[in-house]
Every structure is written in C-alpha cells, then in structure tokens.
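Reader: I am new to reading protein models. Could you walk me through side-chain contacts, one kind at a time?

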Amino acid sequence: MRPKPYIPSKMDKQALKLRENKTILQRPRERILSAEFGSSGQNLDSSITVKVHRLKYNRRKQEKEEEEEVLVVHGIDVQSEYVKFDVYINLVDESTSFSEFAGTFVHIPHGKRDANRKINLKLGISEVLEDLEADSDESIWVTLIPRTKSCTYTIIDGLQIEYMR
C-alpha cells in the first residue's frame, strides 16, 4: 500500500504555486532549472528541482489504464564508481517525502566503462501523480537528490515525460 501524502494536497499546491512564482525561499543547496540542461548537461553535485511540462493531463480513467505516464531522466553520464540518487515528484518538504517518492537510480560499476555511453532512467509515475492529486496538472516539479558523494561526477542531460502502452 502506497503512503498517503503527509501534507494535504491543497497546502502542497499552494507551496508549489509559491515556488512557481519564485516567492518562496529556496533551500540553500537547491537549484531550479528548466527540464533540458543544454549541451553540457547539469552536474548533480547537489539537489536539483526541475519543472517538467506534461503533454497529456486531465486524462480519462481509460487513458490512464491504457498508457503509463513515464518520467525519463535522460543522458545520465556516470563518471565515477558507485552512484545513487532519488527522484521525487512535487516535493515540498524533504523530511516528509514518502508519497512523493518516484524511484531511485543506482549505478554499480561492472566491467570496462564505455566513455560514450549514457544511461536513461525511466520511472512510471501515474500512481504517484494520482496519489498526490497532480494527475490533472499541466506540469510537475521533479527533484533529484544525490545520495552519494560520487554524484558530484554525474552529469544529466535533462528530464521529460513519455507515455508507454
């Protein structure tokens, strides 16, 4: 059973709206960026929060059953040994992050590293969006939180949403 949101969704939406209007004070180590990080990517040396637009929102129940909404963290370039980071949707408070949790990326080296190989992380988020009452929102806030110091040497190209049948 998935945990219910700790903060009522109306309060969450107000806090996210404040973030949208940039009137909320950012946590010192948080950066708010666009969903594409440019040709050089974005280093994951601290938490990153990104607003990601959804192509399909206000989907009917049948549409949700036919297609899974998938968050893609693309172009992950791991340049160190062991890397781990967590992914959250519409995270307002890191201390109450159970229902906002979308998944974890873990890379454990094995064999020879291919310097030109980048990895994509795909996470199904339909249930998370429904639990957070965000399935009708035009965009979501995605937060990446590094869990190992080696994330300093990890570069990410961007985030996007896809739909899988």
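Predicted model: local features only at pLDDT ≥ 70, side-chain atom pairs only at ≥ 80, totals over all residues.

Reader: How many aromatic pairs does the structure hold?

Author: It holds two. In one of them, Phe-85 and Phe-105 are stacked, 5.0 Å centre to centre with 25° between the planes. Phe-85 belongs to strand E5 (residues 83-89) and Phe-105 to strand E6 (residues 101-107), so this pair ties together parts that are 20 residues apart in sequence.

Reader: Is Phe-85 buried or exposed?

Author: The general idea is a cut-off: buried means under 20% relative accessible area, exposed over 50%, and partly exposed in between. Phe-85 has 0% relative accessibility, so it counts as buried. Phe-105 is buried as well, at 6%.

Reader: What kind of aromatic pair do Tyr-88 and Phe-101 form?

Author: Tyr-88 and Phe-101 are edge-to-face, with 5.6 Å centre to centre and 65° between the planes. This pair links distant parts of the chain, Tyr-88 in strand E5 and Phe-101 in strand E6, 13 residues apart. Tyr-88 counts as buried because its relative accessibility is 4%, while Phe-101, at 30%, counts as partly exposed.

Reader: Which residue lies over the face of Tyr-163?

Author: That is Lys-56, at 4.8 Å from the ring centre.

Reader: Now for charges. How many salt bridges does the structure hold?

Author: A salt bridge is a side-chain nitrogen of Lys or Arg within 4 Å of a carboxyl oxygen of Asp or Glu. The structure holds eight. One of them joins Arg-54 to Glu-69, with the closest N and O atoms 2.7 Å apart. Arg-54 sits in the loop between strand E3 (48-53) and helix H2 (61-66), and Glu-69 in strand E4 (residues 68-78), 15 residues apart. Arg-54 is buried at 4% relative accessibility, and Glu-69 is buried at 1%.

Reader: Where does Arg-147 lie, the partner of Asp-86?

Author: First, the bridge itself: the closest N and O atoms of Asp-86 and Arg-147 are 2.7 Å apart. Arg-147 lies in the loop between strand E8 (139-146) and strand E9 (154-156), and Asp-86 in strand E5, 61 residues apart. Asp-86 is buried at 8%, whereas Arg-147 is partly exposed at 41%.

Methods. Residues numbered from 1 in each chain as written. Heavy atoms only, no water. Phe/Tyr/Trp six-rings, centres within 6.5 Å; stacked < 30°, edge-to-face > 60°. Helix = DSSP H or I, 4+ residues; strand = E, 2+ residues; numbered from the N terminus. Buried < 20%, exposed > 50% of the residue type's maximum accessible area, 1.4 Å probe, protein only. Lys NZ or Arg CZ within 6 Å of the ring centre and 35° of its normal.
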